[in-house]
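Biologist: I'd like to learn how to read a few features off this one. Can you walk me through them?

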Amino acid sequence: MLWVNEDGSIAQVLKPLDAEYHANYAEYLPGWIVPGFVNAHCHLELSHLKGKIDEQTGLNGFISKLMQVRNDNEQREIAIQEADTEMHLSGIVAVADICNGAGTFDIKRNSSIYYHSLIERFGFNGQLAHSILNEGQALLAELGKWPGNMCLHAPYSASIELQTLVKNHLDNQSTGFYSIHHAESEAEIELFATGTGAMADRMRNLDLIGEKFPFAGIRPIDYLIDFFPRDKNILLVHNTFISADDLEKIQVYHDRLFLCLCPNANLYIENTLPDINKLWESEFLITIGTDSLASNHQLNMLSEIKAIQQYYPAIPIEELFRWASLNGAKLLGIEKEKGHFSQGSKPGIVHIQGVDNTQKKLTLESYSRLI
């Protein structure tokens with residue numbers, strides 16, 4: 001039983017034999033209660049693109065269409081506000097949110113959700129790295145006192161020069177964490193392995209590379225690993241095609257490296273999922289994200305947990321809730337307050353109904369709400 005103060009903080013966690021335990025004074029809620037969810041990867045600024053990009057086009061097809069429609073400003077602010085409300089009501093209390101502009105800042109400042117804004121930088125032309133970084137610094141200045149730092153988009157969109165500058169930025173920050181999309185598609189793996197394929201063709205068409213891809217013959221993680229910051233948490237997002245060798249290479253960062261799963265976005269774009277059992281067995285800290293409404297039908301953490309449970313039913317539900325709450329709070333550095341029920345914490349309380357108590361499983365009817 002939880003004894004909750006008026007401000008939402010936990011006064012006590014009580015068990016039936018505790019002297020203060022008085023079941024007659026408690027409000028009984030059928031189903032389960034869990035700490036508030038932490039969405040470890042979101043693109044709130046793309047909320048206006050819901051339903052505008054076809055499913056299962058592959059990452060190249062998705063990116064090509066995204067570039068065509070992302071500047072469509074129709075109902076942008078309304079869509080962002082609705083997405084923020086949707087996340088809050090369904091139990092999300094904190095979000096690591098990717099930003100390419102300032103369009104979400106005002107809504108975040110007035111939100112009930114804790115946001116950490118990740119100012120995403122990309123560019124494969126090293127000569128432009130300083131100007132790209134300066135644009136990011138300007139956005140951070142506009143963000144002001146609110147939590148945030150710069151991050152990189154993906155291995156195939158970050159020059160060596162830009163990686164160096166972002167690493168230096170993070171090394172000089174007192175807070176924040178490293179975040180990057182990683183091993184998201186077979187095309188990304190092929191690009192780094194052979195310098196060929198659909199992603200290589202696309203980069204040549206955009207005059208980002210010449211006839212030869214300069215880093216062929218490696219894995220994406222090999223291109224990134226030397227630019228991880230010294231003492232910050234590291235988040236690798238998606239990991240759909242991460243390998244056992246990749247996991248071995250990053251073992252040295254085990255105590256501060258997080259793997260983020262966005263299962264519904266993986267199914268939306270590539271129609272495939274990572275080997276989540278393998279990632280679970282690796283004992284890296286796993287987090288869960290919703291990605292964006294450009295690549296998902298909803299921003300709902302319980303829906304992501306359901307997807308994992310459907311395809312990987314051996315993973316205990318307690319473990320999935322840990323991924324969706326405490327691990328995300330650790331990533332953001334807010335684990336003293338969020339992600340767990342303990343005296344003095346203020347995690348938010350999520351009530352989940354429509355569950356199978358006998359099998360300890362979610363059902364198709366399961367839904368969550370913040371109470």
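Modeller: Let's begin with burial: a residue is buried under 20% relative accessible area, exposed over 50%, and partly exposed in between, using a 1.4 Å probe and protein chains only. Keep in mind that this is a predicted model, where local features need pLDDT of at least 70, side-chain atom pairs count only at pLDDT 80 or more, and totals for chains, interfaces and linings use all residues. Residues are numbered from 1 along each chain as its sequence is written, and side-chain values use heavy atoms, with hydrogens and water left out.

Biologist: Is Glu45 buried or exposed?

Modeller: Glu45 is buried, at a relative accessible area of 7%. You'll find Glu45 in the loop between β4 (37–42) and α1 (58–69); helices (H or I, at least four residues) and strands (E, at least two) are DSSP runs, numbered from the N terminus.

Biologist: What does the side chain of Glu45 reach?

Modeller: A polar contact is a pair of N or O atoms within 3.5 Å; within protein, one must be able to donate a hydrogen and the other to accept it, and residues adjacent in sequence count only if both atoms are side-chain atoms. Here the Glu45 side chain reaches the backbone nitrogen of Asn100 at 2.9 Å. For plain contact, heavy atoms within 4.5 Å will do. Leaving aside residues up to four places away in sequence, Glu45 touches several residues, including Arg70, Arg76 and Thr104.

Biologist: Now helices. Which residues of α4 are buried?

Modeller: An α-helix has 3.6 residues a turn, so residues three or four places apart point the same way. In α4, the buried ones are Ala129, Ile132, Leu133, Gly136, Leu139, Leu140 and Leu143. Down the axis of α4 they fall within an arc of 115 degrees, so they line one face of the helix; the arc is that of the directions from the helix axis to the C-beta atoms. The face turned away from that buried side carries exposed His130 and Ala141.

Biologist: What do the buried residues of α4 pack against?

Modeller: They pack against α3 (105–109), β6 (114–121), β7 (148–152) and α5 (160–171). Just after α4, Gly144 takes a positive phi of about 75 degrees.

Biologist: And strands: how many bridges join β12 to β13?

Modeller: Two strands pair if DSSP finds at least two bridges between them. Six bridges join β12 to β13 (residues 361–370), running antiparallel, with Val355 opposite Leu362. Four bridges join β3 (residues 32–35) to β12, also antiparallel. Six of the eight residues of β12 (residues 349–356) are buried, so the strand is largely enclosed by the rest of the structure.
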